[in-house]
Amino acid sequence: MIATKIGKKSGVPDNYTRLGEYIAAAEEKGEKLHQFWIRNCDAGTNIEDLDLALLEIEAVRRQKPDIADKTYHLVVSFRPGEQDKLTKEDLMAIEAEYAKALGYGDHQRVAGTHINTDNFHMHIAFNKMHPETLKIVTPHRDFKVLAKVSREMEKKYGLAIDPGMTDGKERDPNKLSPAARNYEAHTWQESFQRHVLKHREEILEGLGKAKNWREAHEVLAGYDISLKLHGNGMVLMSPDAQAMKASQLDRSCSRKKLEERFGVFEARRAKTQGKSKRRYKPRPLVQHRNTPALWRRYLSTRKVMPRQPSLAARALRNWKMFLLMEASHDPLAMVLILSHKEFLSFLSTERTRAQETFVKGHETTNLLHQ
């Protein structure tokens, strides 16, 4: 489960009624309404009560006309097929847990689930105004609340567990940039970004002890990382020119944060050496008991291969092409190909679901503000 708050678009009026009607209509192309319910409205709880419920909610909201943002829109995205595991009662219970954790247990809200092929998701539109106290509730650090509830609900209902952010510092090591994912998909080799995130904690520990730019460069050099300016920010660079934003390692590594600590950026001097700890070397993305033998063969063949634009030379540019060529006469290569494809299929599913949630949120926001 991935729970995402859809923020209010700047300069566009807050329109709760339009959002409620959108949830009930499921009017995106190819989409249909799965389940629907209303909470804490005297008008009723079902879809036929929606018109009166929206009037009731708007009556509450009109009592504070000067507040520009009185809606909290939450989208919860599920894995394909999970709609078959969850009854309406289960979905309502999940929605109630999010509401309670966010401080909206007694607030008016409209909720519904939509199905669009494999994109099964839930919309919840909370009225941020309490119907009796009229207090506006805005959750603090809600991303932590949403992640906590998601993990609890996944375990309770036997759903697939999505890695998420449980505190302000934790990152998912598999949450790579599109460039890093493309590199791994085309080569089946570990990307520089994965290498950096894999050693994230020890790198941050070293940087935390650094007192100046020279010491920071020394820490990073131990992991084959160069720190360079790029536009208005900073990037971490590998020896083969792969790059990732420094802030993606951690917010404390942004250009602003580092320059607050060390002063104006100073480039690494050529003679600066970092103690070797974890060098970035080409290595297979997926490890298998048959990997070492074939990997050694791949590396030894690359050493003796002449540099010429032949088919064989092109095949040796990366591990993926080598395995595809070897598979015609080596069963071990075919085993590794299947292992890589299974792993990359998992990563592709994760990326697709994240993109669907992101796109869905923006499509919804755009629709609501037309």
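## Sheet and helix

In β8, A243 is the bridge partner of M237. M237 belongs to strand β7 (residues 233-237), which three bridges join to β8 in an antiparallel run. Two strands count as paired if DSSP finds at least two bridges between them. Strands (E, at least two residues) and helices (H or I, at least four) are DSSP runs, numbered from the N terminus.

The model is predicted: local features need pLDDT of at least 70 and side-chain atom pairs count only at pLDDT 80 or more, while totals for chains, interfaces and linings use all residues. Residues are numbered from 1 along each chain as its sequence is written, and side-chain values use heavy atoms, without hydrogens and water.

The open sheet has three strands in the order β6-β7-β8, with antiparallel pairing. Its edge strands, β6 (226-230) and β8 (243-245), each pair on one side only.

Helix α2 (residues 50-61) has twelve residues and reaches 16 Å from first to last C-alpha, close to the 16 Å expected at 1.5 Å a residue. The expected span is 1.5 Å times one less than the number of residues. The table lists its buried (under 20% relative accessible area) and exposed (over 50%) residues, with partly exposed in between (1.4 Å probe, protein chains only).

| State in α2 | Residues |
|---|---|
| Buried (under 20%) | L50, A53, L54, I57, E58, V60, R61 |
| Exposed (over 50%) | D51, L52, L55 |

Elements covering the buried residues include α1 (16-25), β2 (32-39) and β3 (71-77), where contact means heavy atoms within 4.5 Å.
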